[in-house]
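Hi,

Here's the structure I promised to pass along. Have a look, and my notes on the salt bridges follow below.

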Number of protein chains: 2
Amino acid sequence: MKTRHFLAAAAAATLASAALAQAVGKPEDQIRWRQSLFHVNAWSMARIKANVEGAYNKEQVIEAANVLQALANSKMGALFQPNTQSGKGWKETRVKPEFFQPARQEEVGRIAGAYVREANEMARVAAVGDLNAIKAQFGKLGESCKSCHDKFRKDE
Amino acid sequence: MKTRHFLAAAAAATLASAALAQAVGKPEDQIRWRQSLFHVNAWSMARIKANVEGAYNKEQVIEAANVLQALANSKMGALFQPNTQSGKGWKETRVKPEFFQPARQEEVGRIAGAYVREANEMARVAAVGDLNAIKAQFGKLGESCKSCHDKFRKDE
């Protein structure tokens, strides 16, 4: 039961479990929207980086972390329908075909679940406002992003 | 004092008051990030539209509304620095030069402040889960988006 619970939780959080997710938009819309989403994440991460490396402003970190949290919890798996394995949004998608393979879904779900947890923790830590904790959690969140990029994103 | 208070509140919420906002990124990054942000908004609006016009799922509307709220409160004005009046992100920016004119900042701030309020109300109404209220607020939020597009966005 524990294993099944874990899988159910992972599936609910997954980036990939398309069958569970709300499909809206043509394949090219989905690819453009998900590329947009990851670039908004990049902006938000850049904002937090600027705060932990330069002058720290609590509100700015909260604003950026809240964006990361809302996007992590948005069920972005909806933007990875099976018919979007290749194609062009703003540019050609960089997702690897392995991301969609049934045999990899448990792994994708695990990585996605960890990412959602780290993003939620980032928002929690940002609201508290302890700079050392923010730095540490920013590092963990970045590692979580990277763990998916390393496995499931093609090099440019 | 009332007027000054209003202006301060509007400025804090504004899309445009660049001097107050945290600048991160080169002009082309800022333009790409803000284009990305508006496309994530478009995805979120499309999700809510699908729910109010089709099968209603409370969680999906909450997820989308939370994204809209976090982005509305992100101080996206940081992405409209004065050196981004023209230029290319994913594509050429469609912002009109009037958006940056000092004489228009009170108006921009008013529109932006109304937008933030409507997005916050969208998230509140989504959490309550009354479909008629969601429909009504979705319309108001769309009008708020349009009020800025009509004045400050070039046609394609």
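**Salt bridges**

In chain B, Glu53(B) and Lys49(B) pair up through their side chains in a salt bridge, at 3.4 Å from N to O; the term means a side-chain nitrogen of Lys or Arg within 4 Å of a carboxyl oxygen of Asp or Glu. These two are 4 residues apart in helix H2 (residues 27–53) of chain B, so about one helical turn separates them. (Helices here are DSSP runs of H or I, at least four residues, numbered from the N terminus.) Glu53(B) is exposed, at 59% relative accessible area, while Lys49(B) is partly exposed at 39%. For those words, buried is under 20% relative accessible area, exposed is over 50%, and partly exposed is in between, with a 1.4 Å probe and protein chains only.

Before you dig in: this is a predicted model, where local features need pLDDT of at least 70 and side-chain atom pairs count only at pLDDT 80 or more, while totals for chains, interfaces and linings use all residues. Residues are numbered from 1 along each chain as its sequence is written, chains are lettered from A and ligands numbered from 1 in the order in which they are written, and side-chain values use heavy atoms, leaving out hydrogens and water.

Over all chains, the count is 22 salt bridges. One of them joins Glu63(A) and Arg47(A), 2.8 Å from N to O. Glu63(A) sits in helix H3 (residues 58–72) of chain A and Arg47(A) in helix H2 (residues 27–53) of chain A, so the pair ties together parts 16 residues apart in sequence. Both residues, Glu63(A) and Arg47(A), are buried.

Cheers
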